[in-house]
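Here is a briefing on the structure shown below. Please read it with the model open.

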Amino acid sequence: MAFDFIFTQSFFSTVLFQALALLPLLLYASLGEIVAEKSGVVNLGIEGMMLMAAFSSFTFDYVTKNPFAGVVGSLGVVAVMGLAFCFMTITLKVDQIVAGLGMYLFGLGLSGVLYAIFTSGAGVGASGVPTVPKLEIPLLAQIPSIGPVLFEQNLLVYLSLILVPATSYILSRTGLGLRVRAVGENPKAADTMGISVARVRYAATMTGAILAGVSGAYLAVGYTGSFQLGYTLGRGFIALSMVYLSNWNPYRAFVAVFVYDFVDSLQSAVVINTPALEASSYLLALLPYIFVLALIPIFGRKARAPKFLTIPYRKN
Amino acid sequence: MQGRRWLRVASYNGLAIALGLVIGLVVVAVGGGNVVVALSSFFISPISTTTNLGEVLVRFVALYTVGLGVGLALKAGLWNVGGEGQFVVGQIMAFVGVIYIGGVPASVHIFLILLLGAAGGLLWISVPTILRTKFAANEIVITLLFNIVATFVGLYALNGPIRGRTQSFGFPLTDLIPPSLALPLLIPGTRISIALFITLGVAVVMYLLVERTALGLRLSIVGESTETARYAGINVNRVFILVMLVAGTLAGLAGAMHATGVLGFLDPGELQPGFGYLAIIVALLGRKNMLGIGIASLLFGYVIIGAQDMAQLVPAQSGMVFAMEGAMLTGVSLASFLLARRGSP
């Protein structure tokens, strides 16, 4: 049997380790987008913001030789893009879809062309940059077989896991979360109660943009140590569909993202172990996307979006 | 008043292009290129030679064909952001037709190739349409996902079923199309083919249907408010299905015409042609009017050639063009803000 390797323990460990290592690529962006959409703003531009974050974290990392500086610097770049998006959609009240698509194409193109200019000018080779270190949790990492898989992950993996209950708690149990939900469900009532709709939407949308930036930065300086034009492969859009699949619930978003990543790492492990697949490997790469599309009819039916999603708020 | 309105629409088109141009010039400057050269190549090169003028028209054909469908869907309030993927699948299916259909006269073969391309686009929009109408899924996210899926399917096809005998620098590509199956050219020295007539024919039909019959009115009612439409006895889902399927078919047809009339072969670089996104810009700038979209498409045919020529000054040309497109869409946003402000009392 050519596929015997699937039933070995080392194969399973590899796949599980990879699935966990992939988590931050979608989890930060999905959680952030949940917060933004709860306030009534859909940001299609997160794909472009992830790409700009990935590019700028790579560049900052290359220059400073410090991956943490890469992450922090890239968040500054993303904050500027997020502010521009907020200004257009919340202050000027232009169509969120058009503004988001603009941000997407802008980020896609600018990151690609600036990277090409940077690498041709600086003589940067194909070799990567230093990445955010793995965090080995003492004792737990010593557990045979499962220990290294679960407890020798990247720092940003653990942080993303902590963020799941944190986001859920803030959104559903705090006054801050209540205000976010209020401006997304009934901005007029929120306004009457003295909540500044614009301010809350700015804060929520900026949170979404920054977290998308963390996902993008993780791709470049946490996971791979490199960058390319269109490097995120549409993960920003996948995050958007995860938000929809999760019915705007952080825990469900985590489950959806984890299963997606598991399917993704499973198919790439199979492809790596089976050179005979050749062209069909491109079809296997489609599995995670097909998984998302197949789940939409199942979970999408019950999904209920925030009532004022995509609708700008005008007094009177 | 009518003249005033046109002037206003024209100035917003100008704002969008200006924003794209500024971003392009900044990138050229960052890359150490000559800004004056960039500026002149943007404005002069599209009209400098017959060949380049032909290229403008070639882009016009692709943009207008996709844009008509995007505009039609927008009129009914739906976003077909998947024109890119439908276009790519149209290109691939056209080459499937070139390779796997045989035993028919060339003219029939060409017809079948275009039909297959259109069917590819139709297929590619059918799943998003079902998810939108039966499961109320967001068509924007789904059609965007299908763009990515189309790229993978394209890579599979280029490495498998439609792979040619040669490679270029390790990248797979198809064989050149046999001359008898390429769309007949109209003007020697250019790449303008009979696709121009097909597009203009489609445009006339679409214009008459949408702007001159009750169908267009029905679309607009659905686009304004689905509740009003239901109250008026319009079957909203049927309208949604109609406009989406037409949009996908047109984008697929555009892909097939581009692959067999303009390119003559496919490589991985053609799996991200950018027409699907530009079509959204021209549909918005043309104010969803079937004639307006044509004018905007001609304008953007010019802009694409200008931008591509300008992008020769930097590495990663496709990145430069995408960045300028993004800036132009942002310009469209800002223009809509100004338009809304002028319109309100």
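This is a predicted model: local features need pLDDT of at least 70, side-chain atom pairs count only at pLDDT 80 or more; totals for chains, interfaces and linings use all residues.

**Briefing: packing, contact and burial**

Residues are numbered from 1 along each chain as its sequence is written, and chains are lettered from A and ligands numbered from 1 in the order in which they are written. Helices here are DSSP runs (H or I, at least four residues), numbered from the N terminus.

**Helix pair α8(B) and α10(B)**

- Two packed helices are described by the angle between their axes and the distance between the axes.
- For α8 (residues 214-224) and α10 (residues 236-263) of chain B, the angle is about 110° and the axes are 11 Å apart. Axes are lines fitted to C-alpha atoms, for helices over the stretch in contact, and angles run from 0 to 180 degrees between N-to-C directions.
- α8(B) contributes B:Arg218, B:Leu219 and B:Val222, which meet B:Val236, B:Val239 and B:Val243 of α10(B). Residues are in contact if their C-beta atoms, placed from the backbone, lie within 7 Å.
- By class, this contact has 5 nonpolar, no polar and 1 charged residues. Ala, Val, Leu, Ile, Met, Phe, Trp, Tyr, Cys and Pro count as nonpolar, Asp, Glu, Lys and Arg as charged, and the others, Gly among them, as polar.
- B:Leu219, B:Ile221 and B:Val222 are the buried residues in α8(B). They span an arc of only 160° around the axis, which puts them on the same side of α8(B). The arc is that of the directions from the helix axis to the C-beta atoms.
- A residue is buried if 20 or more other C-beta atoms lie within 10 Å of its own, exposed if 12 or fewer, and partly exposed in between.
- The cover over the buried residues of α8(B) includes α3 (50-75), α7 (195-212), α9 (226-231) and α10 of chain B.

**Contact between the chains**

- Chain B brings 41 residues to the contact and chain A brings 42 residues.
- On the chain B side, α1 (2-30), α5 (106-135), α6 (139-159), α11 (275-285) and α13 (317-343) each supply at least two residues.
- α13(B) gives the most to that side, with 14 residues.
- The chain B side that touches chain A has 31 nonpolar, 9 polar and 1 charged residues.

**Nonpolar core**

- The largest nonpolar core has 220 residues. Such a core is a set of buried Ala, Val, Leu, Ile, Met, Phe, Trp, Tyr and Cys residues joined through C-beta atoms within 7 Å.
- A:Ala54 and B:Val243 have the most contacts inside this core.
- Not counting residues up to four places away in sequence, A:Ala54 touches A:Ser111, A:Gly216, A:Ala217, A:Leu219, A:Ala220, A:Phe227, A:Tyr231 and A:Thr232.

- Among the buried residues are A:Arg235, A:Phe237, A:Met242 and A:Tyr244.
- Their cover includes α1 (9-38), α2 (46-64), α9 (197-224), α11 and α13 (287-299) of chain A, together with α6 of chain B.
- A:Asn247 follows α10(A) and has a positive phi, near 55°. It sits in the loop between α10 (235-245) and α11 (250-273) of chain A.
- A:Asn247 counts as partly exposed, with 16 C-beta neighbours inside 10 Å.

**Another positive phi**

- A:Lys93 has phi near 60°, a positive value in a residue other than glycine.
- A:Lys93 is in the loop between α3 and α4 (96-122) of chain A, and counts as partly exposed with 17 C-beta neighbours inside 10 Å.

**Pairs apart in sequence**

- B:Gly14, in helix α1 of chain B, is 285 residues from B:Leu299 in sequence and 9.9 Å from it in space, C-alpha to C-alpha.
- B:Ser126 lies in helix α5 of chain B. Its C-alpha atom is separated by 6.8 Å from that of B:Leu245, 119 residues apart along the chain.

Definitions and conventions:
Two residues are in contact if their C-beta atoms, placed from the backbone, lie within 7 Å.
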